[in-house]
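Let's take a walk through this model together. Have the sequence and the viewer side by side, and click along as we go.

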Amino acid sequence: MLARTGASGDLDRLTHQLARAAAPAGTVIPADAWRDDEAVYVEFDLPGMDRSSIELTVERDTLTLSAERPSPIPAQARPLLAERPTGRFTRRLAMSDTLDTEAAEATYDNGVLTLRIPLAAHAKPRKIAISGGGPKQLTA
């Protein structure tokens, strides 16, 4: 059985209920980010989320990710254990003007959302050609 009985069980249940009520959508969506010479990549963990509930928007310099995970427990049921966060989740990231957000691409596979945002042309590393004549001559 997954239920505790007695005062300690009641206290555990109350603590859990208060924690869920205080921040059901306050859970942070875990992410990793990195860049190479061509783009910035961000991966977000969204286990159990349906792709149709995921929204990505860019407005000015802010990327906003929103997703929703409904509770699998029917409304009329009495939960014995409910540790996985449910509800609406949001994560905002500041974006640099060195990114070409118009060309961003996103894929969702096995609960991981991968976002690729190319670097803007002016932000990509480039070589600078060096011109000039022969070696300098010393004058006596």
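A salt bridge here is a side-chain nitrogen of Lys or Arg within 4 Å of a carboxyl oxygen of Asp or Glu.

Before we visit them, a word on what you are looking at. This is a predicted model, in which local features need pLDDT of at least 70 and side-chain atom pairs count only at pLDDT 80 or more, while totals for chains, interfaces and linings use all residues. Residues are numbered from 1 along each chain as its sequence is written, and side-chain values use heavy atoms, with hydrogens and water left out.

Now for the overall layout. The chain contains 1 helix and 7 strands; helices (H or I, at least four residues) and strands (E, at least two) are DSSP runs, numbered from the N terminus. Reading from the N terminus, the order of elements is α-β-β-β-β-β-β-β. Of the 140 residues, 21% count as buried, where buried means under 20% relative accessible area, exposed over 50%, and partly exposed in between (1.4 Å probe, protein chains only).

Back to the charged side chains. Taken together, E55, E68 and R88 are linked in a network of salt bridges.

β3 and β4 pair in the antiparallel sense over 5 bridges; two strands pair if DSSP finds at least two bridges between them. Within this pairing, E55 stands opposite S66 in β4. The two strands form a hairpin with 2 residues between them. R60 lies in that loop between β3 and β4, and its phi is near 55°, a positive value in a residue other than glycine. With a relative accessible area of 79%, R60 is exposed.

Next, find the open sheet of 4 strands, whose order is β1-β2-β7-β6 with antiparallel pairing. β1 (31-35) and β6 (105-109) stand at the edges with a single partner strand each, so one side of each is left without a neighbour in the sheet. On average, neighbouring strands of this sheet are turned by 15° against each other, direction ignored; axes are lines fitted to C-alpha atoms, for helices over the stretch in contact, and angles run from 0 to 180 degrees between N-to-C directions. β2 and β7 pair in the antiparallel sense over 7 bridges, and A39 stands opposite P118 in β7.

The loop between β6 and β7 holds N110. N110 has a positive phi of about 55° although it is not a glycine, and at 74% relative accessibility it counts as exposed.

The C-alpha atoms of D100 and P118 are separated by 5.5 Å, with the two residues 18 apart along the chain. Leaving out residues up to four places away in sequence, D100 touches I117, P118, L119 and A120, where contact means heavy atoms within 4.5 Å.

What makes up the largest nonpolar core? It has 18 residues, and those with the most contacts inside it are F44, L46, I54, L65 and L113. A nonpolar core is a set of buried Ala, Val, Leu, Ile, Met, Phe, Trp, Tyr and Cys residues joined through side-chain atoms within 4.5 Å. β2 (39-45), β4 (62-69) and β7 (112-118) each supply at least two residues of this core. Select F44 to see its surroundings: beyond its neighbours within four places in sequence, F44 is in contact with residues including I29, L63, L65, L93 and L113.
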